[in-house]
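Take a walk through this fold, one piece at a time. Keep the sequence and the structure side by side as you read.

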Amino acid sequence: MDKIKYLSRINLFQDLDMEELQQMESIAPILVTKKGTLITAPNKSQKRLYLIKCGKVRMYTITNNGKELTIDVLGVGHIFGEISLFATGSHLIYAKAIEDSVICSIDKVQFEQIIIEKPDIALKIIKILSTRLKEMEEMLELMAYGSVRNKLLFLLNRLSEKFGEPLNEHAGVGPEWFQLGVKVTHQELASMMGSIRETVTELLNELISEGVVNRTSTRGFFIIHRQRLKETIESTM
């Protein structure tokens, strides 16, 4: 595996030259992570920063009644982990691969040395975490107080914004439709929302009848009509 190639494509390191990337190679091991693998958890004491090169990772917490509550879904170029210098309450968060992924990780001490030597990377981290905190606050507020339907609408909208892929002209639908670039089952959506599969299936059928959501017949991905989805969300506010 060409680690230099992977590192150069991670957003955080895109401005480093080849010599600097070679220096990073020895301290940034790359993990090929299978779908369903738990990457970080509150009981894991090792402090590392993780950077997603390929794949997707779900960040979640456990509620008082034992249900999983999704905080965020991260994709290529996103970062997560327990780094005290940039603490964001991540000590209570689980991270699990929701598809086969390639993830680069850096030890806390080594990472702190990097940002001392490369202040531009520190600024990138601050910007990324500021955006993440805003998204997490929005997600937590809705997941805690919104109706199950609103939770599903919000989750589909967030996934569409992050991973939506325009469909080509041969897909048989208009340009307003976007394929959700992450394959999720009804049960996985239910787990993300702290709900049950039967409720999610019923709500998805409603959204399909309303022309907001559909499912491709060949690959099993959801497709989203973004404009109708946004209008549906606005009508519930």
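Predicted model: local features only at pLDDT ≥ 70, side-chain atom pairs only at ≥ 80, totals over all residues.

β2 runs antiparallel to strand β7 (residues 94–97), and two bridges join them. Strands here are DSSP E runs of at least two residues, helices are H or I runs of at least four, and both are numbered from the N terminus. Two strands pair if DSSP finds at least two bridges between them. Residues are numbered from 1 along each chain as its sequence is written, and side-chain values use heavy atoms, with hydrogens and water left out.

Now widen the view. The pair belongs to an open, antiparallel sheet of four strands, ordered β2-β7-β4-β5. β2 (38–40) and β5 (68–74) have a single partner strand each, so one side of each lacks a neighbour in the sheet. From one strand to the next, the twist averages 35°. Axes are lines fitted to C-alpha atoms, for helices over the stretch in contact, and angles run from 0 to 180 degrees between N-to-C directions.

Helix α6 (residues 186–193) packs on this sheet. The helix touches β4 (57–62) and β5, and its direction makes about 105° with that of β5. Contact means heavy atoms within 4.5 Å.

Which residues of α6 are buried? They are H186, L189, A190, M192 and M193. These residues cover an arc of only 160° around the axis, which puts them on the same side of α6. The arc is that of the directions from the helix axis to the C-beta atoms. Buried means under 20% relative accessible area, exposed over 50%, and partly exposed in between (1.4 Å probe, protein chains only). Just after α6, G194 has a positive phi of about 75°.

L189 leads on to the largest nonpolar core, where it is among the residues with the most contacts inside the core. Such a core is a set of buried Ala, Val, Leu, Ile, Met, Phe, Trp, Tyr and Cys residues joined through side-chain atoms within 4.5 Å. α5 (148–163), α6, α7 (197–209), β12 (222–225) and α8 (226–236) each supply at least two. α5 gives the most, six residues. Beyond its neighbours within four places in sequence, L156 contacts L180, L204, L207, V213, I224 and L229. A second, separate core has 14 residues, including A28, L51, I114 and I115.
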